[in-house]
Every structure is written in structure tokens, then in C-alpha cells.
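Visitor: I would like to walk through a protein model with you, one question at a time. Could you show it first?

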Amino acid sequence: MILILGGTAEGRRLAAALGGGAVLSLAGRTEDPLTVGDTRRGGFGGAEGLVSHLREHRVEAVLDATHPFAATMSANAVAACARAGVPLLRVVRPGWGGHPLAATWRWVDSHAEAAAAAAEGERTVLLTVGRQHTVDYVPALAGHRVVARVAEAPSQTLPAGWEVLTVRGPFTVDGERELFRRYGIGVVVTKDSGGAATEAKLTVAEEYGAEVIVLRRPDLPRADEVASVEDALAWVRHRPTAT
């Protein structure tokens with residue numbers, strides 16, 4: 001059996017392609033996640049718990065297709081697979097560092113730094129950092145007009161001047177233009193998630209003269225990596241044998 005650590009479109013595509021030979025594992029942070037095939041939800045209990053799971057279920061290989069910012073899960077996967085002798089492949093969606101406009105964006109290393117940058121001036125903020133981290137921006141942006149776009153609404157109470165848009169991508173250029181026009185977006189805060197599904201806002205921000213603030217990806221422990229689902233499936237076909 002192949003264990004797919006998911007939560008991304010890549011994870012769902014892998015699960016669909018591998019069918020009954022794989023289990024898609026989701027962290028459980030989203031109440032209504034998109035799922036494919038045989039799915040489990042919830043954590044493993046750290047690296048130790050993952051080692052036990054790999055051994056108990058006789059997992060033959062692990063595909064880490066988690067979000068690029070799921071640093072703890074990726075680190076646990078590296079540690080657990082090394083201990084259990086299970087081959088691991090990380091499926092890494094290319095980031096936006098190579099985007100033609102990347103040099104014009106403000107790159108930051110933390111949510112606190114991003115919040116402070118977004119608070120400069122009286123601009124309307126489009127916040128697209130996920131439901132788990134939206135609340136981190138309240139101290140710096142409580143008095144600002146903020147449009148927080150999330151797949152699911154945060155459980156915490158947000159300032160009265162904030163508007164929460166609960167919607168899943170992909171997003172189109174035309175749709176983003178309408179959003180920027182309607183709310184007068186002056187600054188975008190986002191993670192370097194990569195991929196085409198949420199890239200349109202970056203193009204439209206340049207059209208509207210809005211600043212773009214991008215959180216850099218966290219450093220991850222070294223692991224074998226590929227950048228596409230196709231390469232991951234090829235690895236599965238020719239993967240090393242578990243020890």
C-alpha cells in the first residue's frame with residue numbers, strides 16, 4: 001500500500017491515478033475537504049506515530065504531496081520513513097519565484113513581517129494566507145479594511161471591518177479583476193504556494209498597481225523530490241523496495 005500525504009490538488013490526482021493501491025491521508029484541519037478514493041483524516045501523533053502507522057499498515061512507499069507550507073508534516077515524514085525503512089518521495093509544486101513579476105513583489109519570512117508590511121498606509125488588503133493563519137493578522141490590521149479569502153471560514157471572531165469570502169479556487173483573471181475593482185484592493189498578502197489555480201491575483205495586482213507581499217516557503221529536511229504528478233507516478237512504478 002502507498003500512503004499519500006495530501007491536502008493538495010496533486011495529492012488528489014495521485015490518489016485518483018493509483019486507485020485502490022493507495023490511501024490519501026488528510027490532516028483534518030479542513031471540515032469539508034476535497035477527497036478522492038480511500039481516505040483517512042487526522043494526524044499520526046508526530047513522527048513516532050507515523051512510524052507505527054507505516055509498520056502496522058505495511059506501507060510500501062510514502063508520497064508527500066502536502067502543501068508547501070506544511071513543514072511539520074514534511075519533516076515528520078522524512079524522520080519516520082528513515083526509521084521505518086520506507087521509501088519517501090516529496091511532490092513539490094513549483095513556487096512563484098520564477099514568475100515574470102516576482103522581482104517586483106515584497107518577499108517576507110513570517111506572517112508577522114507580512115502583517116506589518118500590509119499595515120503600511122490605508123490600503124484595502126486582500127488576505128489569502130489560509131484559515132489557520134488569518135487570525136495572525138488581526139493585531140496589525142484590526143483597523144484596516146481587509147478582504148480575507150479562505151476555503152472555509154476561520155473559527156475565530158474577526159474585526160467588524162473585515163469581510164470573509166469563503167470560496168475555493170481555481171480563480172480566473174476576469175474574476176480577480178472584478179474582485180479588485182469591487183473592493184479597491186491595494187495590497188495582496190499571499191504565500192508562495194505556486195500553481196496556476198491561485199496565480200491570477202498576481203497578474204491582476206500588477207494591472208491595478210497593488211503591492212504584492214509573498215511569504216517565502218519554509219526550509220524542509222532533504223528528501224527525494226519531483227515537481228509533477230507524472231514524475232511521481234513514474235517513481236512509484238520504479239520505486240525502491242522498503243527495507
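Visitor: Leaving aside neighbours within four places in sequence, which residues is proline 154 in contact with?

Guide: Happy to start there: this is a predicted model, where local features need pLDDT of at least 70, side-chain atom pairs count only at pLDDT 80 or more, and totals for chains, interfaces and linings use all residues. Residues are numbered from 1 along each chain as its sequence is written, and side-chain values use heavy atoms, with hydrogens and water left out. Proline 154 sits in the loop between E8 and E9; contact means heavy atoms within 4.5 Å. Setting aside neighbours within four places in sequence, the partners of proline 154 are Arg131, Thr134 and Val164.

Visitor: Is proline 154 buried or exposed?

Guide: Buried means under 20% relative accessible area, exposed over 50%, and partly exposed in between (1.4 Å probe, protein chains only). Proline 154 has a relative accessible area of 13%, so it is buried.

Visitor: How many helices and strands does the protein have?

Guide: Helices (H or I, at least four residues) and strands (E, at least two) are DSSP runs, numbered from the N terminus. Counted this way, the protein has nine helices and twelve strands.

Visitor: Why does the radius of gyration agree with a compact globule?

Guide: The radius is taken over C-alpha atoms, and the globule rule is 2.2 Å times the number of residues to the power 0.38. For 243 residues the rule gives a value near 18 Å, which agrees with the protein's own radius of gyration of 19 Å.

Visitor: Which side chain makes a polar contact with the side chain of arginine 93?

Guide: Arginine 93 belongs to the loop between strand E5 (88-91) and strand E6 (106-108). Its relative accessibility is 17%, so arginine 93 counts as buried. A polar contact is a pair of N or O atoms within 3.5 Å; within protein, one must be able to donate a hydrogen and the other to accept it, and residues adjacent in sequence count only if both atoms are side-chain atoms. At 2.9 Å, the partner side chain is that of glutamate 10.

Visitor: Leaving aside neighbours within four places in sequence, what is serine 193 in contact with?

Guide: Serine 193 lies in the loop between E10 and H8. With a relative accessible area of 12%, serine 193 is buried. Beyond its neighbours within four places in sequence, serine 193 touches His67, Pro68, Phe69, Arg93, Trp96 and Arg217.

Visitor: What covers the buried residues of H8?

Guide: Helix H8 spans residues 200-208, and its buried residues are Ala200, Lys201, Leu202, Val204 and Ala205. Just after H8, glycine 209 takes a positive phi of about 70°. The cover over those buried residues includes strand E7 (124-128), strand E8 (146-150), H7, strand E10 (185-191) and strand E11 (211-215).

Visitor: Which peptide bond is cis, with omega near 10°?

Guide: Look at the loop between strand E9 (162-166) and helix H7 (173-183), where proline 170 is found. The cis bond runs from glycine 169 to proline 170.

Visitor: What is phi of arginine 58?

Guide: Arginine 58 lies in the loop between helix H2 (46-56) and strand E4 (61-64). Its relative accessible area is 70%, so arginine 58 is exposed. Its phi is positive, in a residue other than glycine, and lies near 50°.
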